[in-house]
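Please keep the sequence and the 3D view at hand while reading.

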Amino acid sequence: MKESTLWLLQILTAMILLLVVPIHLILFTPLVGQGFWGGVEFTNVITRARESLWTLLYMVFVPAALFHGMYGLRVIVLELFSLEGRGLRILSQSLLVIGLLAAIYGEYTAFLTFLR
Amino acid sequence: MGWLDSRGLNLERYLYTFHRVTGVAVLGYLFLHIVSVGERAFVDATVWKSLIGQGGLYDNLLFHTSQFLIVVFVIFHGLNGLRLILGEVGFSLGRPGKPRYPYRASSLGPKTRLLFSAFMVVAGVIIAIGLMEYLRVLMGGG
């Protein structure tokens, strides 16, 4: 994938996160949301996880956050170690694999809880 | 190593460094968060409460303080990132000037500083709300 495409995806995922993260955090505020303990209480967690909209939100949130974070980490490592060629390929593929594994696990648990 | 070069430091350099530090910290937390919250698919209420609930394994000063710090980092990273995106599309950058000594880059002008200040005010309000909840949780609020 071209670097310009990856950068565009970085900005797009940033914009997704700018929308989704406040929703996620508001949940744990006492006035508007359920407060911290209310938010992590098991019944509330499962109730949320079984709602289509929340599941959809998490299934978008997790890959967007992982792509954004892993690409950002790639940029930092590239700059620190001036990688190119084979080193760059190894870095990119390693981060891709780690990110994909985490995303698959996140999507799997979100979907499993939705069906629970 | 741009992060450690202290020559010509200005506000934007500090923001650049802090943006990256907070990004790495939040990424590390994200992996732990995906794993720990993913347990909801496999455990029952009793196990969940023993880990994440009130009085559980994660109910301690270190965990709550790191959670609060992560929230601060997320808010900073998000709002500073928004400032960067707006700068990327040219918002508030100003016109380029001729490079006459002492050349002051228009991209570091008063408009961008104003944008940064506005975002930090918003961040301060959100962090204050988070701080109240953090203190409430530490004092055993249910």
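How much area is buried between chain A and chain B, and what percentage of that area do carbon and sulfur atoms give? The structure is a predicted model, and in this model the area buried between chain A and chain B is about 3100 Å², with carbon and sulfur atoms giving 75% of that area. On the side of chain A, the residues that lose the most area to chain B are A:Phe36, A:Trp37 and A:Phe42, which together make up 23% of what that side buries.

**Make-up of the interface**

- The contact between the two chains involves 41 residues of chain A and 40 residues of chain B.
- Five residue pairs are counted in polar contact between chain A and chain B, with both residues of each pair at pLDDT 80 or more.
- On the side of chain A that touches chain B, two or more residues come from each of helix 1 (3-26), helix 2 (35-40), helix 3 (42-49), helix 4 (52-81) and helix 5 (86-115) of chain A.
- Helix 4 of chain A gives the most to this side, with 11 residues.
- Sorted by class, the side of chain A that touches chain B has 30 nonpolar, eight polar and three charged residues.

**Salt bridges**

- Over all chains, a search of the whole structure finds four salt bridges, and one salt bridge is found across the interface of chain A and chain B.
- The side chains of A:Glu79 and B:Arg20 meet in a salt bridge, with a distance of 2.7 Å from N to O.
- This pair crosses between chains, with B:Arg20 placed in helix 1 (residues 11-38) of chain B and A:Glu79 in helix 4 of chain A.

**The second largest pocket**

- The volume of the second largest pocket is about 430 Å³, and of the 16 residues that line this pocket, A:Leu6, A:Phe67, A:Ser92, A:Leu95 and A:Leu96 are the closest to its centre.
- At least two residues of the lining are supplied by each of helix 1, helix 4 and helix 5 of chain A, and helix 5 of chain A accounts for the largest share of the lining, namely seven residues.
- By class, the lining of the second largest pocket has 11 nonpolar, three polar and two charged residues.

Terms used
Residues numbered from 1 in each chain as written. Chains lettered and ligands numbered in written order. Predicted model: local features only at pLDDT ≥ 70, side-chain atom pairs only at ≥ 80, totals over all residues. Heavy atoms only, no water. Contact = heavy atoms within 4.5 Å. Buried area = accessible area lost by both parts, 1.4 Å probe. Polar contact = N/O pair within 3.5 Å; in protein donor to acceptor, adjacent residues only side chain to side chain. Helix = DSSP H or I, 4+ residues; strand = E, 2+ residues; numbered from the N terminus. Nonpolar A, V, L, I, M, F, W, Y, C, P; charged D, E, K, R; others polar. 1 Å grid on protein atoms, 1.4 Å probe; cavity = no way out; pocket = protein on both sides within 12 Å on 5 of 7 lines; lining within 4 Å. Points joined across faces, edges and corners; volume = space filled by probe spheres on them.
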